[in-house]
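Subject: Structure for your review

Dear colleague,

Please find below the structure that I am handing over to you. My notes on it follow directly after.

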Amino acid sequence: MKRAERIAQLPPYLFAEIDRKKAEAKEKGVDLIHLGVGDPDQPAPVEVVSALTQAAKDPALGHYPESVGSIAFRRAAADWYQRKFHVSLDYRREVTALIGSKEGIAQLCMGYINPNDIALVPDPAYPAYYSGVVLAGGIPVKMPLHENRGFLPDLAAIDPETAKKAKVMFLNYPNNPTAGTADKDFFADVVEFARSYDVIVCHDFAYGTMVFDGYKPTSFLSIPGAADVGIELNSMSKPFNMTGWRMGMAAGNPDIIGTIAAVKSNVDSGQFNAIQEAAVAALSLPETHYERMNALYQRRRDFMVDGLNRLGWSLKKPKATFYLWVPAPAGYTGATFAEKLLDEAGIIVGPGSGYGEYGESYFRIALTLNEDRLQQALDRIQAVL
């Protein structure tokens, strides 16, 4: 039973490897501190759980859903975009539901990338961009993200011949794993680049509500001309503590949304209608919800950055996401230091190489534990330095 060659091209999925090592340590009875996966420790909002409970009792909602999402969900998504980011969307043509935004990455690739087509993929990055391109038979071309550029790709450094052949460009700001941010000027340059080379832009905005210190994130779709060249992905997972619920959306260019919908209708049957009703409740939450969650993560960010800096690091406090992108100590790569932390301190972090070649000297910390556990992590790190 020979696997397809595309499977051999996939790197080991980062979180699967973390899970494997976690299981081994558990068998040894290690008290593990999990800072490796961005899975919120907070519960889904009460209003969301209540909406799901009520909707699940309605037998009419147990039938096959529309693969593109219910009218109620798509309308709520469009209203949310208008309220949060001042972006106007036609919910009928410019929004589709996703079973988590990760699904949208794969479906966009399947809809546009032919064998040996090029896609521009940031590095380091969420691994699903690279994998989505490979599974579609495409060739990922890396756009390096360096700290001295604020973890923004250098569009001018992309070879023009490569750009002419590229079908898709993936971007993600606020960024996972680096916590880098992008402003309107950068996105305006992206729009111009996409127009010049006929490239589809897919901007992953999954962390667009997780912001600190008064920072205001920019939706790619708020840039003039952006909806002519691309789409934006969003997710219920991080802002509403709904990672396991698998609910997201794609919004923007109606032709691209239609292509994703065409792929979806052939590979999945949509998300359970009751979960869509719960997502409507999430998207309708007041601004106080975001303020409360961001205050929580800002406290954790400050606590962990200050603690690591006392141990010898010189970290700046990121303006968004619940991640810290931390340089490995001298003499270590991100992977070897992550291994040391797991073996000697019982701490799981994300080795930077799992996010790409240019992440090799970093590791990622997810701020998804309370301050007592973060202090224990700091104590254990200090003991092995």
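How many bridges join strand β9 to β12, and do the two run parallel or antiparallel? Five bridges join β9 (residues 323–327) to β12, and the two strands run antiparallel. Strands are DSSP runs of E of at least two residues, helices are runs of H or I of at least four residues, and both are numbered from the N terminus. Two strands pair if DSSP finds at least two bridges between them.

Before going further, please note that this is a predicted model, in which local features need pLDDT of at least 70 and side-chain atom pairs count only at pLDDT 80 or more, while totals for chains, interfaces and linings use all residues. Residues are numbered from 1 along each chain as its sequence is written, and side-chain values use heavy atoms, with hydrogens and water left out.

Strand β12

Strand β12 (residues 362–366) is largely enclosed by the rest of the structure, because five of its five residues are buried. Buried means under 20% relative accessible area, exposed means over 50%, and partly exposed lies in between (1.4 Å probe, protein chains only). In a regular strand the side chains alternate between the two faces of the sheet. Both faces of β12 are covered, with Tyr362, Arg364 and Ala366 buried on one side and Phe363 and Ile365 buried on the other.

Salt bridges

The structure holds 18 salt bridges, each being a side-chain nitrogen of Lys or Arg within 4 Å of a carboxyl oxygen of Asp or Glu. One of them joins Lys84 to Glu287, with the closest N and O atoms 3.1 Å apart. Lys84 lies in helix α4 (residues 71–85) and Glu287 in helix α12 (residues 287–310), so this pair ties together parts that are 203 residues apart in sequence. Glu287 counts as partly exposed because its relative accessibility is 41%.

Another salt bridge links Glu103 with Lys264, the closest N and O atoms being 3.3 Å apart. Glu103 belongs to helix α5 (residues 101–112) and Lys264 to helix α10 (residues 254–267), so parts 161 residues apart in sequence are tied together. Both Glu103 and Lys264 are buried.

Yours sincerely,
A colleague
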